[in-house]
Amino acid sequence: MRRALLLMLLVAGGCKKSSDAKDAAPKPALTVGLVTDIGGRGDQSFNDSALRGLEVWAASASFKGGRYEAMAPATREAMIPAALKARVTPVSLKPLVVQSKVQEDYQPNLQLVVDQGADLIVGVGFALENAVEAVAKQNAGAKFLLIDSPILDAKGAPQTLPNVRTVVFREQEGSFLAGALAGLVAKQKVGFVGGMEIPLIKKFEAGFRAGVKTTNPGAQVLVQYTGTFDNVQHGKQVATDLVAKGCEVVFHAAGSDGTGVIQAVKEARAAGKPVFAIGVDSDQSHLAPEAVLTSMVKRVDLAVWQAIKDLEGKAFSAGDSVMGLKEGGVTLAEVTLDFPGKAEALAKVKALETAIISGAVVVPSNEKDLEGFVAPAN
Amino acid sequence: MRETARAALPSVASVITSLVVCFLAVAVLRGGLEVALDAFLAMTWGAFGDFPRFFDGGTSAAVLRPLGESATKAAILTLTGLSVAVAFRVGLFNIGAQGQLIVGALAAAVVGAGVELPTALHVALCLLAAAAGGALYALGPALLKRYRGVHEVISTIMLNWVALSLVENWLVTGPLRATTTGDNSIAGTAQIHASAELPRLLGDVSRLNAGILLAIAAAVALWLWLTRFVGGFQWRAVGANPEAARASGVNVGRAFISAMLVSGALAGLAGAVLILGTEQRYPATIGAPYGFDGIAMALIGNGHPLGVLASALLFGGLRAGGTRMQLFGVHKSFPELIQGLALLLVAARLMWMKVSDRLLKPKGGP
């Protein structure tokens, strides 16, 4: 036993030398770190979108079996939406992804990536706000990108740091278009399923309601919150309930609960009910092609890629930024399903999109603004 | 001395075996001993201080930061481990440490944010609130056990879900959620006042805080209580054989209830260390099942307070440092795998007893 251990140490020691030699190989010009929230790799929405921006769009690499492999250009192209193909170019970089197991790991994980010499560190999700703030203050030389929240002080008021760029999205604008389309497809009732009842999700709800009000003022909007982002069964339950109450379209902003929503709608369709689901964050039509009308896509991938591109071009700037329809930060996924009056409906939605981009229509982002919202004539 | 060695051998051997097996697993799955060695070294430096970086001209933070993270995790694991271990000692299996931790954490967060007091008093009050919260949450199962014979495994495990739903699905996302300006979201409750934070022992360099001192003090105090006090002796007597204890005049019911209260209080304190030490608010969710890890700590530590402390120090370190293995393509949950395997091996106590009998057989004895 003792001899075997000794042998193993010797072998391992021998290996160690060869790894030192390998370090001399040329490195990519940039290292970009990314720390996920608890959801982590494989959540089919938020974290995966950020990882796509870093690993596929920028680094042109795929993560397999614990290491990166170069990705064929054609495969990469296929993972970029048509409208962005020309704009999104690859960047030579080394991705450094650390996933977080628990809340209190955010700060050490960010620090770990800083210590590895990353030129830019991406924090995915508003849950990392405190940690990014603390680590950015301690490492004034490092640059950070925080997704979904500005830096907030102890009282919850926004502040800026000289080395942190933050990106938030105008989810209400994309949700407005989803609502407008839902109003055109449905006659009397549409449903909304939210995850946790927090301001971020309220933005989706307010935009969606305003959209429905615009295209179908008589329609009733039924709203349910599941209270979680990781309970598929609960999402399914709530959506089944909404469908039973007569909702013809159900939009969700509920993370993993939403896959349950889509599942419920899929089963209702199979049972003969004319009902559609609208997905969120990523294009979720692959989950149930016959049931998912469209998805409110949040281009976290674009925000991450853009920050990396700016870094490469020495144009990285700190400060708060907001991405809405105009900036390509939110958008509706392509509608591939057929329904009566599809062409006119899509034309109407397109017109509303143009109106929002031009500033003619301002979409409400919370309940208070929603009360004062006057639907544009169409 | 020999008895101590005999008692500790199963745990030590299990941990070492588990480390070796996991090392080989990484080597096989991730392309060779070289990767496995790099990964395990990274974990070691991440757990006990990045000495190579320090001697390479790095700052002291390279050593102090990892130590701070390890100590934070070790403190929580020690307290939940002691919580489970103390219940074990009277023959109760408290699976409810997770629920008691959640209640304690919330109590600490609420008192930390809602009350204004001078530092020392404020921290003490938060800790007291957390301990009281955890103890009260364990009181129900204790009373049910005492007066109705309800098995504590059933009642405590069900109360875990009640705590989770009540606190994380309602209070923290509902009435107690922090308010912000505009449409920004904050996860969790309002931030606690600076006066309620556990003092950082090394200033801003590291998150090393007084939590670990609290955990060590709790372990030593519990050890003294169990070995040097009549009450502690009575608890052990009840744990060894309640009927015999009753026959010798020990109030078994009171021992059950008081041990469960202490158990709940310790789990509540673990929650407080998490909130007052690093999080400064009750986050949207406490992702980690530290209460269940407490069962592992108690078993690997052989139910001995100092054994629990030792195993928590080790696994706190491995879990804090294990994050770094991700840089070598190792899955984020790997440290838990090491812990789980060690637990499995500890459960095979009989096997180790055979080994220890052979190794430690007194010379010339039978």
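Select B:Glu34 first. B:Glu34 sits in helix H2 (residues 33-48) of chain B; helices here are DSSP runs of H or I with at least four residues, strands are runs of E with at least two, and both are numbered from the N terminus. With 20 C-beta neighbours inside 10 Å, B:Glu34 counts as buried. The cut-offs: buried means 20 or more other C-beta atoms within 10 Å of a residue's own, exposed means 12 or fewer, partly exposed is in between, and C-beta atoms are placed from the backbone.

A word on what is on screen. This is a predicted model, in which local features need pLDDT of at least 70, side-chain atom pairs count only at pLDDT 80 or more, and totals for chains, interfaces and linings use all residues. Residues are numbered from 1 along each chain as its sequence is written, while chains are lettered from A and ligands numbered from 1 in the order in which they are written.

**Chain B as a whole**

Show chain B as a cartoon. Chain B has 15 helices and zero strands. Its C-alpha trace spans about 75 × 60 × 35 Å along the principal axes. Of the 366 residues in chain B, 54% are buried.

**Helix H12 of chain B**

Select residues 290-300 of chain B. Ten of the eleven residues of this helix, H12, are buried, so the helix is largely enclosed by the rest of the structure. Among the buried ones are B:Tyr290, B:Asp293, B:Met297 and B:Ile300. What covers the buried residues? The cover includes helix H1 (2-29), helix H4 (61-89), helix H5 (97-114), helix H11 (252-279), helix H13 (305-322) and helix H14 (334-347) of chain B. Contact means C-beta atoms, placed from the backbone, within 7 Å. Step on to B:Asn302, which follows H12(B) and has a positive phi, near 60°.

**Where the chains meet**

Show both chains. The contact takes 40 residues from chain A and 38 residues from chain B. On the chain A side, helix H1 (2-22), helix H4 (106-115) and helix H7 (199-215) each supply at least two residues. H1(A) gives the most, with six residues. By class, the chain A side has 19 nonpolar, 14 polar and seven charged residues. Ala, Val, Leu, Ile, Met, Phe, Trp, Tyr, Cys and Pro count as nonpolar, Asp, Glu, Lys and Arg as charged, and the others, Gly among them, as polar.

Chain A averages 89, and 93% of the residues score at least 70. Residues 1-25 of chain A stay under 50.

**The domains of chain A**

Colour domain 1 (27-169) and domain 2 (171-297 + 340-371) of chain A separately; such bounds come from an automatic or database domain assignment. The domain centres, taken over C-alpha atoms, are 28 Å apart. Their contact takes eight residues from domain 1 and six residues from domain 2. Helix H2 (residues 46-58) of chain A gives the most to the domain 1 side, with three residues.

**The core**

Select A:Val250, A:Val265 and B:Ala105. These touch the most other members of the largest nonpolar core, which has 227 residues. A nonpolar core is a set of buried Ala, Val, Leu, Ile, Met, Phe, Trp, Tyr and Cys residues joined through C-beta atoms within 7 Å. H11(B) brings the largest share, 16 residues. Around A:Val250, contacts include A:Gly191, A:Leu242, A:Val265 and A:Ala277.

- A:Val363: in the loop between helix H11 (342-358) and helix H12 (367-371) of chain A. A:Val363 is buried, with 27 C-beta neighbours inside 10 Å. It touches A:Phe176, A:Gly207 and A:Ile356, among others.
- A:Ser60: in the loop between H2 and strand S2 (61-64) of chain A. Its phi is positive, about 55°, although A:Ser60 is not a glycine. A:Ser60 is partly exposed, with 19 other C-beta atoms within 10 Å.
- A:Asp148: in the loop between strand S6 (143-147) and strand S7 (151-152) of chain A. Its phi is also positive, near 80°. A:Asp148 is buried, with 25 other C-beta atoms within 10 Å.

Methods: Contact = placed C-beta atoms within 7 Å. pLDDT = per-residue confidence, 0-100. Lists of a residue's contacts leave out its neighbours within four places in sequence.
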